[in-house]
Amino acid sequence: MNVCDAPQPQYLPDLVMDIIFSYLKLSDLYSCMLVCRNWNRAINDGRSEPWKSLCHRELLKSKLLAPLHNHKKSLQFIYNSWNPKDSSINIFDENHLLLPFPSPKNKLRTLYNSWNPKDCSTNIVVENYGFTFIRNPIIESTDMIRTKTGYKTGKHVWEITWNEELGTVAMIGLSTKKAPLHCTGYIPLLGANKHSWGWNLVDNVLLHNAIPHGNYPLLKNDPKYTFGEKLDLVLNCENGTLHFEKCNVFLGIAFKNLPKTKLYPSVSVVYGYTEVSVLYIGNTGSTR
């Protein structure tokens, strides 16, 4: 066959492109989407094989980064669930938090916005593929964690849930990379300096730069948060605001005039064995 008669790369069959693209990392996939319309079409489908393969690899990586005491269990799970003919179903079904997200592309986006095991206090253990953390019962210690991804444009929503008791201080809000992740004693660490903004769920007080900014929620006779309830943290970078919602009820604007820098959803906790989950719900017009 004449080399000139061979199919051009941009016109390869979808099956062949799926196989090739399935070996690429995220940045390479985005680069390939810019090559031509046909490649963009093949990759842009959030249910396509390249996204399934990439999501499977990233979930396995997160599983391998599980705490040391679960490492042996993690390896056994990977060995038992691996199926070269189906690179998605076992790993996706193992985590019920991902079930509401229909496509591997959406699951991957949610994974990239989970808790960051490399950006937290040493007293915090990140589990469940990064969607949940547990605080070790260390006395006289306040510990904080941030998500993997921060934003400075767009509107973004995370669902955050305390699965255990709050303790005397339980802060939820935003921070930059400059905010400290640990301090001695039991204090509202999130909001203790100019690099963080926090809402204490225990006494319903907003805090920034160690200065109280009033009570919250901005509702009359609103009951205090109890563990197990889902809170939506809504960051609007375009308006520079942070607000929260509970059961689809708007709780009022918590903070205004937020800086035009990357902000990360964060929580700080003091209670031993506190367990907090995070789930990225979506975005509007973001450019990281």
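You will find Thr176 in the loop that joins strand 6 (170-175) to strand 7 (182-184). Helices (H or I, at least four residues) and strands (E, at least two) are DSSP runs, numbered from the N terminus.

Leaving aside residues up to four places away in sequence, Thr176 touches Arg146, His195, Trp197, Thr261, Lys262, Leu263 and Tyr264; contact means heavy atoms within 4.5 Å.

## Helix 7

Helix 7 spans residues 104-112, and its buried residues are Pro104, Lys107, Leu108, Thr110 and Leu111. Viewed down the axis of helix 7, these fall within an arc of 160°, so they line one face of the helix. The arc is that of the directions from the helix axis to the C-beta atoms.

## Nonpolar cores

The largest nonpolar core holds 36 residues, of which Ile160, Trp162 and Ile172 touch the most other members. Another core, of 19 residues, lies apart from it and includes Leu29, Cys32, Cys55 and Phe131. Such a core is a set of buried Ala, Val, Leu, Ile, Met, Phe, Trp, Tyr and Cys residues joined through side-chain atoms within 4.5 Å.

## Cysteines

Zero disulfides turn up in a search of the whole structure; a disulfide is a pair of cysteine sulfur atoms within 2.5 Å. Cys183 is buried at 14% relative accessibility, whereas Cys247 is exposed at 68%.

## Notes on the model

Residues are numbered from 1 along each chain as its sequence is written, and side-chain values use heavy atoms, with hydrogens and water left out. In this predicted model, local features need pLDDT of at least 70 and side-chain atom pairs count only at pLDDT 80 or more, while totals for chains, interfaces and linings use all residues.

Key: Buried < 20%, exposed > 50% of the residue type's maximum accessible area, 1.4 Å probe, protein only.
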